[in-house]
Amino acid sequence: MLHTLFATSADATQISIVNLDGANEGFNENTVAAPVGGNIGTTLGQQRLIVFQYAARIWASIIDSDVEIKVEAEFDPLTCSSGSAVLGSAGATTVYRDFANAPYSGTWYSIALANSLAGSDLSASADISATFNSEIDNNNNCLNNTNWYYGIDGNKPSNSIDLLSVVMHEIGHGLGFQTFVDITTGEKLGRGQGNDDAFMLRLEDHSTGKTWGQMNNNERLASVTDSADLHWTGAGVTSRVADYSAGIDQGHVRHYAPAVINQGSSVSHFDSALSPNELMEPFITQPKTGPGLAVELMADIGWNIFPSIAPIISTMADVSLQQGSTEQVAFAVGDNDTPLASLTFSFDITDSTIIDQAGLSVSGVGVARTLNITANGNASGTTEITITVSDGINTTNETFQLTVSNASPVVTIESPLNDDDFIITDSISFQATATDLEDGDLSAGIQWLSDIDG
């Protein structure tokens with residue numbers, strides 16, 4: 001079963017999530033779940049899709065591509081025990097070289113990056129493939145009942161794993177944060193001597209003074225486990241070294257190269273010694289709200305990065321409430337290059353008789369925000385509300401429907417008490433608004449009592 005969700009930035013980068021799950025599994029799992037941390041989904045499947053959509057929005061706000069990026073994704077039972085588990089995996093589905101506008105000839109590029117640089121879709125298939133572990137949810141035998149956290153606000157509770165951080169991480173690999181060198185042999189991808197890839201061109205081993213493109217297979221293999229010496233030399237990442245207190249050697253950011261090869265982790269991650277911690281380290285120690293240093297690495301391998309990154313906002317649910325009442329709606333915001341405290345909000349309303357500007361406000365700081373909605377007291381109906389978040393340069397918006405209903409009249413029987421029989425002399429009172437009177441609601445209530453009285 002295929003379903004697609006789209007995530008676009010203000011400058012039209014489009015990342016689509018292609019749902020490969022079947023009925024009542026993975027993204028289609030219909031187990032009821034309460035909305036959490038800005039995620040409005042009411043089933044496990046909906047919440048999983050919303051997390052993926054939000055992760056896609058984050059990357060779409062950063063990388064500039066005129067070609068749609070397709071991410072095939074699914075949740076399947078993967079290896080899991082009480083002490084360890086495979087959370088998931090993702091990567092580019094294929095690689096291309098020597099395409100139009102390729103920065104280097106004879107060099108492999110992940111398909112999403114190749115498409116962006118070429119300005120056309122070089123392959124009809126998906127660009128990134130991702131699988132995540134469905135066994136982690138509600139399973140005492142998996143990680144001692146440690147569950148996925150489906151909030152998108154970065155406020156995961158203990159005994160949970162922040163799915164948003166994991167999805168952002170894996171999409172990052174699919175966009176090109178990986179080498180295609182066989183790290184168990186040092187061999188480059190391709191026939192004969194193979195070809196360089198865009199990632200390995202920026203790897204250097206200071207013990208030899210050579211880049212990976214200059215090394216032979218045996219030298220690359222030795223470098224895979226040279227933990228102190230495997231560095232990234234790209235100008236973008238190197239420009240940020242002053243921001244880190246550890247994981248920097250000889251002016252460069254270290255890459256993960258443990259003494260024993262960790263298949264799937266060695267080389268294609270920043271070193272775990274980096275402090276502060278980064279999204280693209282092999283182990284996620286705390287929730288992340290953006291790609292961090294991976295943005296500079298993406299620029300180093302050839303991605304065009306928006307000069308000013310637009311803010312993002314989570315999906316908003318439709319709201320229903322009664323006249324004059326108030327509803328609070330949790331949502332999330334982000335911006336990779338602007339302090340979140342600097343973000344401002346504005347509203348467009350299609351029918352201001354139902355709610356006006358004074359009835360809308362945003363509270364909270366950081367990622368987690370609350371939209372406060374107070375409907376007018378004398379009108380009912382449906383209106384569209386568009387909330388726009390601005391960082392002073394770029395804007396992003398989200399639209400939802402607000403439906404306001406008449407407040408129903410309340411009938412209070414003041415006597416008799418204790419279930420005694422009602423007689424004609426007993427008193428009743430009505431609580432009703434002027435609108436109720438106009439709409440005839442009160443007269444209907446009186447007729448109903450007359451019927452009882454006979």
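Me: How many aromatic pairs does this structure hold?
Reply: The structure holds eleven aromatic pairs. The model is a predicted one.

Me: What makes F27 and F75 an edge-to-face pair?
Reply: Set the two values against the cut-offs. The ring centres are 5.3 Å apart, and a pair needs centres within 6.5 Å. The planes stand at 90°, and an angle over 60 degrees counts as edge-to-face. Therefore F27 and F75 are a pair, and the pair is edge-to-face.

Me: Where do F27 and F75 lie in the chain?
Reply: F27 is in the loop between β2 (14–19) and α1 (44–60), whereas F75 is in strand β3. They are 48 residues apart, and their pair links distant parts of the chain. Both residues are buried.

Me: Why is the pair of F75 and F132 called tilted?
Reply: The centres of these rings are 5.9 Å apart and the planes meet at 35°. Stacked needs under 30 degrees, edge-to-face needs over 60, and the rest count as tilted.

Me: Which parts does the pair of F75 and F132 tie together?
Reply: F75 belongs to strand β3 and F132 to strand β7, so the pair joins parts that are 57 residues apart in sequence. One aromatic cluster contains F27, F52, F75 and F132.

Me: How do you know whether F75 and F132 are buried or exposed?
Reply: Buried means under 20% relative accessible area. F75 has 1% relative accessibility, so it counts as buried. F132 has 0%, so F132 is buried as well.

Me: What sits over the ring of F75?
Reply: The charged end of R48 does, 4.6 Å from the ring centre. The distance limit for such a charge is 6 Å.

Me: How far is R97 from the ring centre of W108?
Reply: R97 lies over the face of W108, at 5.1 Å from the ring centre. That value also falls within the 6 Å limit.

Me: Why is strand β7 described as largely enclosed?
Reply: The strand covers residues 128–133, and five of its six residues are buried, so the rest of the structure largely encloses it.

Me: What pairs with β7, and in which sense, parallel or antiparallel?
Reply: Strand β3 (residues 69–76) runs parallel to β7, joined by six bridges. E74 has T131 as its bridge partner in β7. Strand β4 (residues 88–92) pairs with β7 in the antiparallel sense, over five bridges. Here G88 stands opposite F132.

Me: Which residues does the cis peptide bond join?
Reply: S275 and P276, with omega about 0°. P276 lies in the loop between β15 (252–254) and α6 (294–301).

Note on methods
Residues are numbered from 1 along each chain as its sequence is written. This is a predicted model: local features need pLDDT of at least 70, side-chain atom pairs count only at pLDDT 80 or more; totals for chains, interfaces and linings use all residues. Side-chain values use heavy atoms; hydrogens and water are left out. Buried means under 20% relative accessible area, exposed over 50%, partly exposed in between (1.4 Å probe, protein chains only). Helices (H or I, at least four residues) and strands (E, at least two) are DSSP runs, numbered from the N terminus. Two strands pair if DSSP finds at least two bridges between them. Rings of Phe, Tyr and Trp (its six-membered ring) pair if their centres lie within 6.5 Å; planes under 30 degrees apart count as stacked, over 60 as edge-to-face and the rest as tilted. A charge sits over a ring if NZ of Lys or CZ of Arg is within 6 Å of the ring centre and within 35 degrees of the ring normal.
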